[in-house]
Amino acid sequence: MQSFSYHKPGTVTDAASLLAARDNAALLAGGMTLLPTMKQRLAAPDDIIDLAAIRELSGITMEGEDLVIGAMTRHADVAGSDLVKEVLPALAGLASRIGDQQVRHRGTIGGSISNNDPAADYPAAILALNATIVTSQRAIAADDFFVGLFETALRPGEIVTAIRFPRAKRAAYAKFPNPASRYAIAGVFVAQTGGAVRVAVTGAAPFVFRATDVEAALSANYAVEALERLSIDTQDLMSDIHADREYRGHLVMVMARRAVAESLKRSG
Amino acid sequence: MEIGFTLNGRHVEVSCKPSTLLSDLIREQLSLTGTHVGCDTSQCGACVVHLNGDSVKSCTVLAVAADDGEVRTVEGLCAVDGTLHPMQQAFHENHGLQCGFCTPGMLMSAIDLVKHIPDPTEAEIREWLEGNICRCTGYQNIVKSIIAGAAAMRTAS
């Protein structure tokens with residue numbers, strides 16, 4: 001890979017200053033996407049700002065009724081956390097199925113959502129659970145955060161510091177992974193919070209989206225049967241060598257039904 | 001950059017570029033070629049080492065991430081007198097390899113698995129090995145080896 005200057009700040013403030021002062025810098029979280037893209041010369045930052053030494057960015061806590069996960073918390077730590085398993089077991093389950101175990105030992109929640117890969121798992125949870133993304137500058141609602149293919153609402157110089165998840169009455173995630181890459185060909189996160197139902201789909205379109213028809217059907221009747229004759233509009237879905245848009249649309253509904261069935265077995 | 005870390009129980013100080021990958025540092029500078037680089041795209045798992053106790057793909061970790069930490073490679077598994085680690089012995093006895101290229105990564109992942117799940121089921125082993133690819137497709141004996149290796153590790157501990 002192309003050479004770069006390496007920085008390892010100890011605080012978010014220092015990291016933000018470094019980032020603001022440089023034209024072509026990249027933040028390094030777990031590196032599970034950044035390093036492979038640098039090796040392929042798809043990214044060539046002049047400066048790498050490694051967030052690994054910033055202790056305030058890691059950890060899982062309850063703040064009031066919210067589950068707060070630091071941006072640098074690794075997938076394996078979310079998957080193995082007793083607190084996450086108790087409060088939002090669907091989120092722990094999702095984290096336990098990202099990539100493979102070695103990737104889960106490095107990859108982080110903040111890195112995943114900042115990258116906003118169309119097939120990443122976490123964006124579906126963030127959007128369906130109506131989480132709030134806390135950054136070095138502000139708090140961003142999930143509905144405003146994911147704006148395009150690998151694009152988020154983050155401004156230049158802004159750093160995700162934590163994700164704040166409200167509790168859910170029921171939630172579950174079902175995905176159909178590509179058998180080789182383990183990335184989602186279609187992944188659906190269903191969450192019921194109070195009376196509202198939110199359904200987020202990843203892997204199927206250029207970026208995560210809410211399936212509003214599915215939400216409406218489940219809001220009227222939260223049951224697998226409510227989705228039986230429903231299909232989603234496939235016009236904006238992706239077609240590639242792994243799955244065409246009709247097949248992806250079919251998988252979305254299968255995953256939605258599986259997620260609803262799973263969520264009815266347990267709460268959160 | 002100057003970095004220092006514990007490698008297989010021994011402290012090492014090395015100089016490397018910020019862009020040096022951990023796999024390259026281990027193989028090229030420290031001459032421990034047991035860690036294999038298969039795909040170099042974090043898919044195959046031949047390069048798995050333990051970094052601060054966790055199995056990671058060393059081709060997708062910067063060497064500087066090991067600074068002040070601890071790295072264990074396949075060379076660090078056997079005892080000083082050459083006695084194989086129980087997991088290595090189990091791979092030997094159960095013919096858990098064909099060409100052997102993926103074996104260092106398989107061993108490092110398997111030992112990490114047993115640390116988390118001392119008595120893994122076949123399904124748990126196969127799930128844990130999702131990131132370790134054997135292109136001889138000799139998974140049956142690898143799984144058999146890990147079941148035996150886990151049992152031997154439980155007895156030894």
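Predicted model: local features only at pLDDT ≥ 70, side-chain atom pairs only at ≥ 80, totals over all residues.
Residues are numbered from 1 along each chain as its sequence is written, and chains are lettered from A in the order in which they are written. Local features need pLDDT of at least 70 and side-chain atom pairs count only at pLDDT 80 or more, while totals for chains, interfaces and linings use all residues; side-chain values use heavy atoms, without hydrogens and water.

Me: How many residues of chain B are in contact with chain A?
Reply: Happy to start there! Contact means heavy atoms within 4.5 Å. By that rule, 20 residues of chain A touch chain B, and the number on the side of chain B is 26.

Me: How much area do chain A and chain B bury between them?
Reply: Buried area is the accessible area (1.4 Å probe) that two parts lose on being put together, summed over both. Here 59% of it lies on carbon and sulfur atoms, and the total is about 2000 Å².

Me: How many salt bridges does the rule find across the interface of chain A and chain B?
Reply: The rule asks for a side-chain nitrogen of Lys or Arg within 4 Å of a carboxyl oxygen of Asp or Glu. B:E130 and A:R182 form a salt bridge, with N to O at 2.9 Å. Across the interface, the count is four.

Me: Which residue classes make up the side of chain A that touches chain B?
Reply: Ala, Val, Leu, Ile, Met, Phe, Trp, Tyr, Cys and Pro count as nonpolar, Asp, Glu, Lys and Arg as charged, and the others, Gly among them, as polar. On that basis, this side of chain A has seven nonpolar, eight polar and five charged residues.
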